[in-house]
Amino acid sequence: AHAILRIIRELTVNAIRHGGAKSVRIAGSVENGKLLFSVADDGSGFDPAAVPGVPEGHFGLQGIRERVKLLGGAFEIVRRPDGGMRAVVRLPVPQKPKPKGSIA
């Protein structure tokens, strides 16, 4: 839960700080054993293939990619046709640990 909160926070702050977004929409659902959530904004957008990275001192998107990978998920960020960006994260739903002494 903490990692998901950090990802959503980073995407939202980036949208406002770097994209000048006036509106940010966050949505989520659980489907077929996957937790899906997205953050979409109406900011200026950017080219995801040309975004500055760690060598340029920008750690946000790289940090998100690493967090999502550690959680066994997938991360996609695309420019929206009407302006702004949309980031989508897909994560496996964690399974509850079995109680000690249980069988199966």
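**Close-up views of a predicted α/β chain**

**View 1. Overall layout of the chain.** The protein chain contains 2 helices and 4 strands. This is a predicted model. Read from the N terminus, the elements of the protein chain follow the order α-β-β-α-β-β. The protein chain has 104 residues, of which 28% count as buried. Among contacts between residues at least 6 apart in sequence, 52% join residues at least 24 apart.

**View 2. Packing of helix α1 against helix α2.** Helix α1 spans residues 2–17 and helix α2 spans residues 60–70. The two helices pack at an angle of about 155°, and their axes are 10 Å apart. Angles over 145 degrees count as roughly antiparallel, so this description applies to α1 and α2. The crossing in which α1 passes α2 is left-handed. On the α1 side, the residues in contact are A3, R6, I7, E10, L11 and N14. Their partners in α2 are G60, L61, I64, R67 and V68. Sorted by class, this contact comprises 6 nonpolar, 2 polar and 3 charged residues.

**View 3. The largest nonpolar core.** The largest nonpolar core is made up of 14 residues. Those with the most contacts inside this core are I7, L11, I64, V68, F75 and V89. Two or more residues each are given to the core by α1, β2, α2, β3 (74–79) and β4 (85–92). Strand β4 supplies the largest share, 4 residues.

**View 4. Surroundings of V89.** Which residues does V89 touch, not counting residues up to four places away in sequence? They are I7, L35, L36, F37, V68, A74 and F75.

**View 5. L36 in strand β2.** L36 lies in strand β2. Setting aside neighbours within four places in sequence, L36 is in contact with A27, G28, S29, E31, V89 and R90. L36 and V88 are 52 residues apart in sequence, while their C-alpha atoms are 7.2 Å apart in space.

**View 6. S38 in strand β2.** S38 is found in β2, the strand formed by residues 34–41. Is S38 buried or exposed? Its relative accessible area is 10%; buried means under 20%, so S38 is buried. Apart from neighbours within four places in sequence, S38 is in contact with R25, I26, A27, R86, A87 and V88. S38 and F75 are 37 residues apart in sequence and 9.7 Å apart in space, C-alpha to C-alpha.

**View 7. N32 in the loop between β1 and β2.** N32 lies in the loop that links β1 (24–31) to β2. The relative accessibility of N32 is 81%; exposed means over 50%, so N32 counts as exposed. The phi angle of N32 is near 50°, a positive value in a residue other than glycine.

Conventions. Residues numbered from 1 in each chain as written. Predicted model: local features only at pLDDT ≥ 70, side-chain atom pairs only at ≥ 80, totals over all residues. Heavy atoms only, no water. Axes fitted to C-alpha atoms, helices over the stretch in contact; angles between N-to-C directions. Parallel < 35°, antiparallel > 145°, perpendicular 65-115°, else oblique. Left-handed = near helix turned anticlockwise from the far one by under 90°. Contact = heavy atoms within 4.5 Å. Nonpolar A, V, L, I, M, F, W, Y, C, P; charged D, E, K, R; others polar. Buried < 20%, exposed > 50% of the residue type's maximum accessible area, 1.4 Å probe, protein only. Core = buried A, V, L, I, M, F, W, Y, C linked by side-chain atoms within 4.5 Å.
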